[in-house]
Amino acid sequence: MLMNMKELLDVAYRNKFAVGSFNVANSEFVRVVIESAEEKQAPAIIQIHPNELELVGDDFLAYVRESCKNTKVPLAIHLDHGASVKDVMRAIRNGYTSVMIDASHASFANNIAITKEVVNIAHAVNVSVEAELGTIGSNEGSSEGGADKILYTNADDAQTFVEETGIDTLAVAIGTSHGQYKHAGKPELKLDLLAEIHQKVGIPLVLHGGSDNKDEEIAQTYLHGIAKINLSTDMKNAFFKAVRQFLLENEGAYEPDVIMPSARKAAKEVVKHKMDLFQSTNKAHHYFS
């Protein structure tokens, strides 16, 4: 069941769980997410970054939309880190049900102006909008971008930003980074800051950089307004580690139907664990009552 992401996240926000938003870069990852969601009876979000869209091409979205429509669990298709109105328009034309405009590196005033423009465009065609305030860090190996130094979200600014833009959900910076923490300890998330933002902002919040963090901290975030947690690195690491291991043990293998099943299984184990962690497992029924 393909849904607008606002409708998807409003349920999670009210019921204090988070929906996993998983980056896909080929059909294997689409199957990983949808099959995991079906097995766990969990809502989920398939998100595609502009870099990933360049890899798979626009026609790939027709496959993604049909795959989402043909399942009975709640799903949304989301543009991850759209950098411009052009990125947003491309996503809308391709059938995404939600878009992110990331103008977080612009000035506060310009971030508001750009985001308002996107909200006006997207809401006119029933597409939800996510924006970002503050900056997410970037670790080695990530192609999603980020800042060398995290700029934490200010709670008062967040309140003003939401009121002036009319966005549906806000990505906040509380200490996470894209990618894997290879050269530094896992961060201590500023849960007190998250609680302050949640108190001032009455819409679902988003946590980017959901991979490679402490489970016990992630489990606290959806109690303070986080309704969407982005996940890419952990899932992709499991998938490609399994591919490398299979090819090492089966040097002559070349058929995808031989190579891919073990990788898909490894990635699904990660995704299903995250669904349990985010408390979205067995929550699909909330969307049909």
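Modeller: Here you go, and keep in mind that this is a predicted model. Let's begin with the second largest pocket, which has a volume of about 170 Å³.

Biologist: How many residues in the lining of the second largest pocket are charged?

Modeller: The lining includes Ser104, Phe108, Asn111, Leu133, Tyr152 and Asp157. Sorted by class, five of the lining residues are nonpolar and six are polar. Asp counts as charged, and the lining list includes Asp157. The number of charged residues in this lining is one.

Biologist: Now for the closed spaces. What is the volume of the second largest cavity?

Modeller: Rolling a probe the size of a water molecule over the atoms shows where empty space is left. In this model the count comes to two cavities of 30 Å³ or more. For the second largest cavity, the volume is about 30 Å³.

Biologist: And which helix gives the most to the lining of that second largest cavity?

Modeller: The residues around the second largest cavity are Met5, Lys6, Leu9, Asp10, Ser128, Asp168, Thr169 and Pro204. By class they come to three nonpolar, two polar and three charged. The top contributor gives four residues and spans residues 5–15, and that's helix α1.

Biologist: Thr169 is on that list. Is Thr169 buried or exposed?

Modeller: You'll find Thr169 in strand β7, which covers residues 169–172. Setting aside residues up to four places away in sequence, Thr169 touches Met5, Leu9, Val129, Glu130, Ala131, Ile203, Pro204, Leu205 and Val206. Its relative accessible area is 2%. Buried means under 20%, so with 2% Thr169 is buried.

Biologist: On to charges. Which residue forms a salt bridge with Arg264?

Modeller: Side chains of opposite charge can pair when their charged atoms come close. The count here comes to 15 salt bridges. In the one made by Arg264, the closest N and O atoms are 2.6 Å apart, and the partner is Glu28.

Biologist: How many residues apart are Arg264 and Glu28?

Modeller: This pair links distant parts of the chain, with Arg264 in helix α11 (residues 256–277) and Glu28 in helix α2 (residues 27–40). Both Arg264 and Glu28 are buried.

Biologist: Which residue forms a salt bridge with Lys228?

Modeller: The closest N and O atoms of this pair are 2.8 Å apart, and the partner of Lys228 is Glu130. The two come from distant parts of the chain, 98 residues apart: Lys228 in strand β10 (residues 226–231) and its partner in strand β5 (residues 128–133). Both residues are buried. So the name you asked for, by the salt-bridge cut-off of 4 Å, is Glu130.

Biologist: Take Glu269 and Lys272, then. Which of these two is partly exposed?

Modeller: They form a salt bridge whose closest N and O atoms are 3.6 Å apart, and both lie in helix α11, three residues apart, about one turn of the helix. Salt bridges that share partners join Arg31, Glu35, Glu39, Lys268, Glu269 and Lys272 into one network. Lys272 has a relative accessible area of 16%, so this residue is buried. With 45%, the partly exposed one is Glu269.

Biologist: One last question. What distance separates the C-alpha atoms of Tyr287 and Pro74?

Modeller: Tyr287 lies in the segment after α11 and is buried, with a relative accessible area of 13%. Leaving aside neighbours within four places in sequence, its contacts include Met1, Leu8, Phe17, Pro43 and Pro74. Tyr287 and Pro74 are 213 residues apart along the chain, yet the distance between their C-alpha atoms is 7.2 Å.

Technical notes:
Residues numbered from 1 in each chain as written. Predicted model: local features only at pLDDT ≥ 70, side-chain atom pairs only at ≥ 80, totals over all residues. Heavy atoms only, no water. 1 Å grid on protein atoms, 1.4 Å probe; cavity = no way out; pocket = protein on both sides within 12 Å on 5 of 7 lines; lining within 4 Å. Points joined across faces, edges and corners; volume = space filled by probe spheres on them. Salt bridge = Lys/Arg side-chain N within 4 Å of Asp/Glu carboxyl O. Buried < 20%, exposed > 50% of the residue type's maximum accessible area, 1.4 Å probe, protein only. Contact = heavy atoms within 4.5 Å.
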